Amino acid sequence: MTPHKLAVTVALGTVVGILPALGVTTVMGTALAARFRLNIAATVLVSYLVHPLQLLLIIPFIKAGIFMFGMDDLKLTLDEMIAMFQLDWLAALNKLWIANLAAVSAWAILALPVGLLLYAALLPILKRVLPKSSPVVETIPVTSIPEITLPVIPIPETEVQSQL
């Protein structure tokens, strides 16, 4: 794998891996890696490796989304969330759904700049660390194909006439 492709793979896997929507990263990473002709296994592996970072960044992404869109502050302590669900569970789910959409929106706004910065940071490192690959030139020896002669088996005339 070239340093460019490896840097893109790691950057894409990292950015997709911190998406604040649980259960979506594998499908999204696979689809994007296939679209850009990257190593799918490496992209998914990187997204799995940054999964702890995804869990740590869910709350900051929610808070950033709430701030960016001027929404009402969401109470995120466990006791307050339990109280929200006990009071009206449909309203609590709706509020958490909207907060998660705000988090995904904040991630979408930050994903491209973060991915580009990560790519720019990784590329020079990978160019230094990875061995330089020499172009592989395979030569196929050009030889003439020997002619194949098939023996001709004569059919006696009596057999030909009897078949008619």
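Colleague: Why does Val-114 count as partly exposed?

Modeller: This is a predicted model. Val-114 has a relative accessibility of 40%. Buried means under 20% and exposed means over 50%, with partly exposed in between, and therefore Val-114 counts as partly exposed. Val-114 is found in helix H6.

Colleague: What makes up the nonpolar patch on the surface?

Modeller: The patch is formed by Phe-67, Met-68, Phe-69, Ile-109, Leu-110 and Val-114. Together these residues have about 610 Å² of accessible area. A residue needs over 30% relative accessible area to belong to a patch, and Val-114 has 40%. Two elements each give two or more residues to the patch, namely helix H4 (51-68) and helix H6 (89-129). The largest share, 3 residues, comes from H6.

Colleague: Which residues make the contact between H1 and H6, and how do the axes of these helices cross?

Modeller: The axes of helix H1 (residues 3-17) and H6 come within 8 Å and cross at roughly 145 degrees. The crossing is right-handed. On the side of H1, the contact is made by residues including Pro-3, Leu-6, Val-10 and Thr-14. On the side of H6, Trp-107, Val-114, Leu-118 and Leu-122 are among them.

Colleague: Why does Leu-74 count as buried?

Modeller: The relative accessibility of Leu-74 is 6%. Buried means under 20%, so Leu-74 counts as buried. Leu-74 lies in the loop between H4 and helix H5 (78-87).

Colleague: Which residues does Leu-74 touch, leaving out those up to four places away in sequence?

Modeller: Leu-74 touches Ile-62, Ile-66, Met-84, Lys-95, Leu-96 and Ala-99. As for Leu-96, it is 22 residues from Leu-74 in sequence, while their C-alpha atoms are 8.2 Å apart in space.

Colleague: Why is Arg-37 called exposed?

Modeller: The relative accessible area of Arg-37 is 70%. Exposed means over 50%, so Arg-37 is exposed. Arg-37 lies in the loop between helix H2 (25-35) and H3.

Colleague: What is the phi of Arg-37?

Modeller: Phi of Arg-37 is near 55 degrees, a positive value in a residue other than glycine. Most residues other than glycine have a negative phi.

Colleague: What makes Lys-5 partly exposed?

Modeller: Lys-5 has a relative accessible area of 34%. Partly exposed covers values between buried, under 20%, and exposed, over 50%, which means that Lys-5 is partly exposed. Lys-5 lies in helix H1. Not counting residues up to four places away in sequence, Lys-5 touches Arg-37 and Leu-38. The C-alpha atoms of Lys-5 and Asn-39 are 8.4 Å apart in space, and these two residues are 34 apart in sequence.

Colleague: How many helices and strands does the whole protein have, and what share of its residues is buried?

Modeller: The protein has 7 helices and 0 strands, and along the sequence the pattern reads α-α-α-α-α-α-α. Buried residues make up 25% of the 164 residues.

Colleague: What share of the contacts between residues at least 6 apart in sequence joins residues at least 24 apart?

Modeller: The share is 70%. As for the accessible surface of the protein, it comes to about 12,200 Å², of which 70% belongs to carbon and sulfur atoms.

Key
Residues are numbered from 1 along each chain as its sequence is written. This is a predicted model: local features need pLDDT of at least 70, side-chain atom pairs count only at pLDDT 80 or more; totals for chains, interfaces and linings use all residues. Side-chain values use heavy atoms; hydrogens and water are left out. Helices (H or I, at least four residues) and strands (E, at least two) are DSSP runs, numbered from the N terminus. Buried means under 20% relative accessible area, exposed over 50%, partly exposed in between (1.4 Å probe, protein chains only). Contact means heavy atoms within 4.5 Å. Accessible areas come from the Shrake-Rupley method with a 1.4 Å probe; for residues, only the protein chains shown count as cover. Patches are made of residues with over 30% relative accessible area and no salt bridge: like charges are joined within 9 Å, nonpolar side chains (Val, Leu, Ile, Met, Phe, Trp, Tyr) within 5 Å. A salt bridge is a side-chain nitrogen of Lys or Arg within 4 Å of a carboxyl oxygen of Asp or Glu. Axes are lines fitted to C-alpha atoms, for helices over the stretch in contact, and angles run from 0 to 180 degrees between N-to-C directions. A crossing is left-handed if the near helix is turned anticlockwise from the far one by less than a right angle, and right-handed if clockwise.
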